[in-house]
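Please look through the sequence and the model below before reading on.

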Amino acid sequence: RLFRQEGTCYQQAKRVLHVAVPDHLHARERETGVIQQFLREHVCGRQPGSLYVSGAPGTGKTACMSRVLLDCKDELARSKTIVLNCMALSSPQGVFPATAQQLGLPAATGREGVRRLEKHLTAPGPMVLLVLDELDQLESKGQDVLYTLFEWPRLPGSRLVLVGLANALDLMDRSLARLGARLAGGPRLLHFPPYTREQLTAILQERLAQVAGDPILDTPALQFCARKVSAVSGDARKALDVCRRAVEVVELEVRSQTLLKPLPGGE
């Protein structure tokens, strides 16, 4: 029982350091505001359009998108929201049957299936918000899949709002150059820069401040971690993982020290 009481702070620290969607995303207020405004203008305003979100892994793209969808749940209630992780698809073309299934349509396989899906998205009805995470996975020969998806919001009568999240910073230039060249109606771009040392330190301190009692990790230790991670990648998930592992090491040391051992000469 004594160990459980002592160990509570470590359990709390590990929980708050897990990668999850927090109530507030530090240093991502601008990006969150851009996504919110885009959804309000296009989904709530019934104006089809597309948004391309880029940034290296761990820069908060998915977390921001998830936070906005939660915060705008009531505003988006009259529309259909579909969120797909393209890593889970067996092939780039798999995005079409996966989308059709979410819309309650027959599987969109082959060209006929894609045409059926396109017809549905250009027919009268509620707006459809399609969020594609790990968009890089949809690159294919000729980029037919990506071109089809980003062209749909531009079709007459379209009710599709497309948001693509990708790690590649140059996907628009490299794979969707023709769309990028057409400025009118082309995808809006939003880039997430890597986190700086100061931002990573603030994120770690903000998470650990939720743990009652004395600090588990000293400020110099957090700053050291943030400096190392920012120099390599600026990946917030990596910084959280490093600190969580550090807490696990301390917890194991405390556990070994609090185990009751028999006194010398005792029975």
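The largest nonpolar core has 29 residues, and those that touch the most other members are Val 95, Leu 132, Leu 135, Leu 138 and Leu 149; a nonpolar core here is a set of buried Ala, Val, Leu, Ile, Met, Phe, Trp, Tyr and Cys residues joined through side-chain atoms within 4.5 Å, where buried means under 20% relative accessible area, exposed over 50%, and partly exposed in between, with a 1.4 Å probe and protein chains only. Two or more residues of this core come from each of β2, α4 (95-102), α5 (110-121), β3, α6 (144-151), β4 and α7 (171-175), these names being given to DSSP runs numbered from the N terminus, with helices (H or I) of at least four residues and strands (E) of at least two. Leu 132, when its neighbours within four places in sequence are left aside, has contacts (heavy atoms within 4.5 Å) that include Leu 84, Val 95, Leu 138, Leu 149 and Leu 162. Apart from this core lies another, of 23 residues, among them Leu 25, Val 34, Leu 69 and Val 161.

This is a predicted model, in which local features need pLDDT of at least 70 and side-chain atom pairs count only at pLDDT 80 or more, whereas totals for chains, interfaces and linings use all residues. Residues are numbered from 1 along each chain as its sequence is written, and side-chain values use heavy atoms, with hydrogens and water left out.

Helix α3, which spans residues 61-71, has as its buried residues Lys 61, Ala 63, Cys 64, Met 65, Arg 67, Val 68 and Leu 69. These buried residues pack against α2 (29-44) and against the strands β1 (49-55), β2 (80-85), β3 (128-133), β4 (160-166) and β5 (188-192).

Cys 64 is buried, with a relative accessible area of 0%. Cys 72 is in no disulfide, as the nearest cysteine sulfur, that of Cys 44, is 7.2 Å away, while a disulfide is taken as a pair of cysteine sulfur atoms within 2.5 Å. Cys 72 is also buried, with a relative accessible area of 2%, and a search of the whole structure finds zero disulfides.

Taken as a whole, the chain has eleven helices and five strands, and 43% of its 267 residues count as buried. Among its contacts with a separation of 6 or more, 80% are between residues 24 or more positions apart. The average pLDDT, the predictor's confidence in each residue from 0 to 100, is 89 for the chain, and 89% of the residues score at least 70. Over residues 1-5, however, the pLDDT is below 50.
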